[in-house]
Amino acid sequence: MRRKLHLLFFFLIIGKFLFSQAPELTENSKISLLTCAAGDELYSAFGHTAFRVQDPSLGIDVVYNYGTFDFNQPNFYLNFTKGRMIYSLSRRNFETFLYEYELEKRWVKEQILDLNLEQRNQLLAFFEENYLPQNRDYPYDPLLNNCSSITGDILKEQFGDAVVFDDSHLEKRYTFRQLVRQFMDVNTWSMFGIDLAFGSPVDRKATVLEHIFLPYYAMEQMRNTTLDGAPLVKRERTILDYSEHTQQSFFPLSPLFWFILLLAFTGIITYFDYKHKARSRWLDFSLLFITGFAGTFLFLLWVAADHTSTPYNYNILWAFPINIIVAFALVVQDKVPQWVSKYLWYALVLIGIVLLLWIIKVQIFSPVLIPLLLTLAIRYLYMIKYSKL
């Protein structure tokens, strides 16, 4: 019995060793780039990119997917907030990979790369080396190091200067914020949150290769890439043919609707406060506390997180962290202290600076902010006037 167990253990070790070695592909093999359509969830709103390796002679048809993450990872949401997300390279059977996109009715397109046998084996060896447990994890960056941007990095690393990424297909070079907005409606809570968290670094123009952090741009870039002077893509085909998903917007649920409603509500309350020579402390506390809390969070994303897209975020000029302290100073008494009145003048100047930075394009802010900024300005001016009563 012990001898049988030893033999079983031996064969398991040998099998694992053989499986971990990249097989030699045959002439019938193909390596292709898969581009998957955008989905309805935020994490799938920009599409997806993966590599496919096929060899009918060896019975191989697998997908190497650099976009794998696990919600059950320890401190997943905390690490996401800190910008310390870990993504992994996964290896799955092609049919299993495709099943998810069939369920969600998202198109999948394939670009077969024009590689010789040596180059295909070189890529496969790289994927298998990357797939080793000690190598498969990598620090994720939504703009600079994701499942799509890594495509250009891999090709450049493997084939060096033989790979040339032409940019003639780009009508213009966009900023990162402009690229993201091409796939998301500005007047949605998701895009508002992204605009709020993004700092000024995302308002620089992306390089040619940086455009391919978006899978659709990666697919187009492959059509305009050469290897040893010849087109990299041999041919394309559609594997799953579905219509593009479109965002269904409902204005009464949008941030612009609610901020306009807040502006109108604040205007009415301020009018009645003025008529009765009163001050609605609960309104002032709410506006200052919420903006101060938001500003504190944005400040922490700036100085305490590892995100490349959240530093130098001038949204904190209107969502100023000190607003929290002022909120509590105003809620305990009806009278507006003189130091608070002076602070509110400074707060109005900061809102003016936000508009100036917007005009000269140091940072582009969400347009749905306008009614919110007007709301704050109306209330700040009223509190300054009330302090003189």
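Q: What makes Leu356, Ile359, Ile360 and Val362 a patch on the surface?
A: In this predicted model, these four nonpolar residues together expose about 390 Å² of accessible area. A patch takes residues with over 30% relative accessible area and no salt bridge, and joins nonpolar side chains within 5 Å. Leu356, for one, has a relative accessible area of 47%, which is over the 30% required.

Q: Why is Leu356 called partly exposed?
A: The relative accessible area of Leu356 is 47%. Buried means under 20% and exposed means over 50%, with partly exposed in between, so Leu356 belongs to the partly exposed class. Leu356 lies in helix 12, which covers residues 338-359.

Q: Why is Arg120 called buried?
A: Arg120 has a relative accessible area of 7%, and the limit for a buried residue is under 20%; therefore Arg120 counts as buried. Its place is in helix 4, residues 117-131. Leaving aside neighbours within four places in sequence, Arg120 is in contact with Leu25, Thr26, Glu27, Ser29, Lys30, Ile31 and Leu115.

Q: How do you know that the side chain of Arg120 makes a polar contact with the backbone oxygen of Leu115?
A: A polar atom of the Arg120 side chain lies 2.5 Å from that oxygen. The cut-off for a polar contact is 3.5 Å, so the pair falls within it.

Q: Why is strand 1 called largely enclosed?
A: Of the 7 residues of strand 1 (residues 30-36), 6 are buried, so the rest of the structure largely encloses this strand.

Q: How do you know that strand 1 pairs with strand 2 and with strand 5?
A: Pairing needs at least two bridges between two strands. Strand 1 has 7 bridges to strand 2 (residues 48-55) and 5 bridges to strand 5 (residues 108-113), so both pairings meet the requirement. Both are antiparallel. Cys36 stands opposite His48 in strand 2, and Thr35 has Lys109 in strand 5 as its bridge partner.

Q: What makes strands 7 and 9 edge strands?
A: The open sheet has 3 strands in the order 7-8-9, paired antiparallel. Strand 7 (163-165) and strand 9 (230-231) each have a single partner strand, so one side of each is left without a neighbour in the sheet. Strand 9 is joined to strand 8 (residues 225-227) by 2 bridges, and Pro231 is the bridge partner of Thr226.

Notes. Residues are numbered from 1 along each chain as its sequence is written. This is a predicted model: local features need pLDDT of at least 70, side-chain atom pairs count only at pLDDT 80 or more; totals for chains, interfaces and linings use all residues. Side-chain values use heavy atoms; hydrogens and water are left out. Patches are made of residues with over 30% relative accessible area and no salt bridge: like charges are joined within 9 Å, nonpolar side chains (Val, Leu, Ile, Met, Phe, Trp, Tyr) within 5 Å. Accessible areas come from the Shrake-Rupley method with a 1.4 Å probe; for residues, only the protein chains shown count as cover. A salt bridge is a side-chain nitrogen of Lys or Arg within 4 Å of a carboxyl oxygen of Asp or Glu. Helices (H or I, at least four residues) and strands (E, at least two) are DSSP runs, numbered from the N terminus. Buried means under 20% relative accessible area, exposed over 50%, partly exposed in between (1.4 Å probe, protein chains only). A polar contact is a pair of N or O atoms within 3.5 Å; within protein, one must be able to donate a hydrogen and the other to accept it, and residues adjacent in sequence count only if both atoms are side-chain atoms. Contact means heavy atoms within 4.5 Å.
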